[in-house]
Amino acid sequence: MYRFYCPDADFSKTLVVINDPHEIHHIKNVLRLKKGALVQIFNAQSQQADGIIEEIKEPAVYFHVQNVKQFSEVQSPVILACAPPKKGKFEFIIEKCTELGVDAIIPLKTKRTEVVFSEDRMAGKLSRFEAVAANAAKQSKRTKVPHIYPMTPLAQVLKTLDPEGIHLFPSLHNHSVHISEVLLKADKQKPITVFIGPEGDFTPDELELAIKHGCVPVSLGNTVLKVETAAIATVALVKFLCRS
């Protein structure tokens, strides 16, 4: 069954209007769905509705609600704060980490971050990133689309950390604790923040600052990983060891 994201949909009503041009184009011109087609819609409140397309017009698609399910988030969130790599690979990170179940993604600005989004470009980038996350949520049958934050400096992110949370800080600097050792002992009810640095790693000063804010420096193994590999592998480990 095809799924569509309508963040403001009110499923207490029997008729929901889909007015997102992208979703309308997908329904009409890509999938060529007709009146009576069975589809699913989910909103920003983690609700999902089964129903049928009632009518397709030029400015909107009308959806008749039949069955509604409310999905509750019983686990604490997993947040990824990641320095964007070159060649547009940050969208790939968003897509795959959304599929894995991350709850929020922060483009991280560090001293060595190679791709820095200027303020005038950030609005357009955010719109694109949110679309990538929504599409990945639809494909993976998630009912929650991760929140994508604007690019934020590392020092600012560290100041907003939950003091009760678990904050993982992988780096190449000398330390012996493997990430799996930390995760296996972690309280599974606590929120988890994963920091992923840029190509060239965090600086020693950044690592020291992170430790002062309660972050745990960890190793991802003996090999040096690219940013996108480190982000996806770390989120997968967190979801497997702490959120399964």
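How many aromatic pairs does a search of the whole structure find? The search finds 5 of them, where rings of Phe, Tyr and Trp (its six-membered ring) pair if their centres lie within 6.5 Å. A pair of aromatic rings is described by the distance of the centres and the angle of the planes. Planes under 30 degrees apart count as stacked, over 60 as edge-to-face and the rest as tilted. In one of the pairs, the ring centres of Phe169 and Phe195 are 5.3 Å apart and the planes stand at 50°, so this pair is tilted. Distant parts of the chain are linked here, since Phe169 sits in strand S10 and Phe195 in strand S11 (residues 192-196), 26 residues apart. Both Phe169 and Phe195 are buried, a word used for residues under 20% relative accessible area, with exposed meaning over 50% and partly exposed the range in between (1.4 Å probe, protein chains only). Elsewhere, ring pairs join Phe90, Phe117 and Phe129 into a cluster.

The model is predicted, with local features needing pLDDT of at least 70 and side-chain atom pairs counting only at pLDDT 80 or more, while totals for chains, interfaces and linings use all residues. Residues are numbered from 1 along each chain as its sequence is written, and side-chain values use heavy atoms, leaving out hydrogens and water.

Now for the overall picture. The protein chain contains 7 helices and 12 strands; these are DSSP runs numbered from the N terminus, with helices (H or I) of at least four residues and strands (E) of at least two. Its C-alpha trace spans about 60 × 40 × 30 Å along the principal axes. Of the 244 residues in the protein chain, 45% count as buried. Among contacts with a separation of 6 or more, 75% come from residues 24 or more positions apart, a contact being heavy atoms within 4.5 Å.

In H6, Glu206, Leu207 and Ala210 are buried. These residues cover an arc of only 100° around the axis, which puts them on the same side of H6; the arc is that of the directions from the helix axis to the C-beta atoms. The buried residues of H6 pack against helix H4 (154-159), strand S10 (166-170) and strand S12 (216-218). Just after H6, Gly214 takes a positive phi of about 95°.

Positive phi values also turn up in loops. Asp201, in the loop between S11 and H6, has a phi near 75°, a positive value in a residue other than glycine. With a relative accessible area of 10%, Asp201 is buried. Ser46 is not a glycine either, yet its phi is positive at about 60°. Ser46 belongs to the loop between strand S3 (38-42) and strand S4 (47-56), and is buried with a relative accessible area of 8%.

Another loop residue is Ala9, found between strand S1 (2-5) and strand S2 (15-18). Ala9 is buried too, at a relative accessible area of 6%. Which residues does Ala9 touch, not counting those up to four places away in sequence? The partners are Val16, Asn43 and Gln45. Between Ala9 and Glu95, which are 86 residues apart along the chain, the C-alpha atoms are separated by 23 Å.
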